Amino acid sequence: MKNLPATGAAPHKAAILAIILASYVMIVLDTSIVLTGLPRIQSELGFSDTGLAWVQSAYTLTFGGLLLLAARAGDTFGRRRLLQWGLALFTLASLAIGVARSPAMLIAARAIQGAGAAILAPSTLALLQTTFTDARERTRAIALYSATAGIAASVGMVLGGVLAEWLSWRVGFFINLPIGVAMLVAARRFIAESDRSQGRFDVAGAAASTLGMSALVYGLIRSAGAGWGDALTQGALAAGVLLLAAFLVIERRAAQPIMPLRLFADAQRNAAYGARLLFLGAMIGFFFFTTQFLQRVLHYPPSLTGLAFLPMTLLNFGVALCVPRLTRRWGNARLLACGLLTTLLGMAWLSRVDVGTAYWLGVALPMLLIGAGQGMTLSPLTAAGVAGVPAQDAGAASGIVNVAHQLGNSLGLASLVAISAFGARHLAGAALLAHRVTVALGGAAAMLALALLLVLCARTEGKVA
């Protein structure tokens, strides 16, 4: 116990920020690192074409389904405790993935890893919000947190391709082991336990939100492969909507809800939640379809596919580091609108690719715009999503931010995969894939346009600072 911070002692802010960022890197990295390694995973473990999608979907399903429950549990049981539980579960699941010898074992381990991420993600953001109370400090910390999300996603693409071709896709998951152990030790030493909420835990709300979110995410994921007319897809979506409607009724009546509806009374936060969902839907579509275009149309190997994202990653990192200074000069709302517009221009440009597109002019240049826009966008979105939230609701607010993030991934990818088949009846081979990429990225540009409209409307009402 001697290593624990004394009650009332000044927090070790630099150490806490390092723990938060390193933990979040693991979460985001493992969302993207598998994409460029999927062909090697398929050939080594014998996945079918349809079964391979569950390598990513099992993670997303449990991550999205358990977020709200885990977020409020941090407020109720202590955020350091939840952070440690999430780190331990995520790290052990990473080990199981790395040693998996069958599709069933890998998918089960990915689902457990998603549960660990659901516990870990809201705890990191809530700790950031309650540790950095000064406005300037918080802006800088949130900028670094959001930069971590964008950069880790891009680095995951690069690292996944390089490891899959030069070493093994398994190495990408073994990397989590020393990081996870180090963060567990550091969390115990540097992070003091938060105050816990008193009273009854909202069991009915927790069950309705978890089951409803799981059903909705499952239906969205299944629709990508089985289609929107599939009976099980429709049943899961209907069940998800009904359970989430019941959840809202429960939360309105609960004495201590896991998602206080008062969090939605602010137009700034509502616009941020909607824009985040749309932005992440567009970005997951960008990574998913651009990776396929590079490998199957331009015939890049996995390592070169990963490296093709490097210019975007470097610019993303540079712009993200400038966000605190840009926020002080322009304000959060103006910077957010500029970031969304820049990303929109890059996505619209990239959506014009075809079988004759050259990488540098047709792919790399629009990717630079997307990287710069992403660097400007994620931090203001995160800041707006937790703005003005009291400390006792920090976990719940961060949970909603992460729910919007994960639902954006799931809904966005499922929707873009569904619309990518439009007008492709008489195409085949590379021409078919190029057409699907063009249609899907055009849809992603439309999502970004809607996100920009949300932000501009909120600013016009004078609600976004």
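## Confidence of the model

The protein chain has a mean pLDDT of 81, and 90% of its residues reach 70 or more. Among its parts, helix α3 (residues 49-52) has the lowest confidence, at a mean of 62, whereas helix α16 (residues 332-350) has the highest, at 93.

Over residues 1-10 the pLDDT stays under 50, and for this stretch the model has 11 contacts beyond four places in sequence. Where pLDDT is low, predicted coordinates should not be read in detail.

## Salt bridges

Side chains of opposite charge can pair when their charged atoms come close. In this model the count comes to 2 salt bridges. One of them joins the side chains of K13 and E137, with an N to O distance of 2.9 Å. K13 lies in helix α1 (residues 13-32) and E137 in helix α7 (residues 135-166), so this pair ties together parts of the chain that are 124 residues apart in sequence. K13 is partly exposed, with a relative accessible area of 26%, and E137 also counts as partly exposed, at 32% relative accessibility.

The side chains of E44 and R170 also meet in a salt bridge, at 2.8 Å from N to O. This pair links distant parts of the chain, 126 residues apart, with E44 placed in helix α2 (residues 38-45) and R170 in the loop between α7 and α8 (171-174).

## Aromatic pairs

A pair of aromatic rings is described by the distance of the centres and the angle of the planes. A search of the whole structure finds 9 such pairs. Among them, F286 and F309 form an edge-to-face pair, with 6.0 Å from centre to centre and 80° between the planes. F286 lies in helix α12 and F309 in the loop between α13 and α14 (310-321), so the pair ties together parts that are 23 residues apart in sequence. Both F286 and F309 are buried, and together with F287 these two residues form one aromatic cluster.

Y359 and W360 form another edge-to-face pair, with a centre-to-centre distance of 4.9 Å and an angle of 70° between the planes. In this pair Y359 is buried, with a relative accessible area of 10%, whereas W360 counts as exposed, at 61% relative accessibility.

T291 is found in helix α12 (residues 267-297) and is buried, with a relative accessible area of 5%. When neighbours within four places in sequence are left aside, the contacts of T291 are T36, M157, F286, T305 and F309. Among these contacts are F286 and F309, the two residues of the edge-to-face pair described above.

N409 is found in helix α18 (residues 394-419) and counts as buried, at 10% relative accessibility. Apart from neighbours within four places in sequence, N409 is in contact with L280, G281 and I284. The C-alpha atoms of N409 and G281 are separated by 4.9 Å, although these two residues are 128 residues apart along the chain.

## Backbone at H299

H299 lies in the loop between α12 and α13 (302-307), and at 61% relative accessibility this residue counts as exposed. The phi of H299 is near 60°, a positive value in a residue other than glycine. Most residues other than glycine have a negative phi.

## A nonpolar surface patch

L95, V99, M105 and F174 form a nonpolar patch on the surface, and together they have about 290 Å² of accessible area. Of these residues, M105 is found in helix α6 (residues 103-131). M105 is partly exposed, with a relative accessible area of 35%, and therefore passes the requirement of over 30% that applies to residues of a patch.

Key
Residues numbered from 1 in each chain as written. Heavy atoms only, no water. Patch = residues over 30% accessible without salt bridge, like charges linked within 9 Å, V, L, I, M, F, W, Y side chains within 5 Å. Areas by Shrake-Rupley, 256 points an atom, 1.4 Å probe, with all protein chains shown as cover. Salt bridge = Lys/Arg side-chain N within 4 Å of Asp/Glu carboxyl O. Helix = DSSP H or I, 4+ residues; strand = E, 2+ residues; numbered from the N terminus. Buried < 20%, exposed > 50% of the residue type's maximum accessible area, 1.4 Å probe, protein only. Contact = heavy atoms within 4.5 Å. pLDDT = per-residue confidence, 0-100. Phe/Tyr/Trp six-rings, centres within 6.5 Å; stacked < 30°, edge-to-face > 60°.
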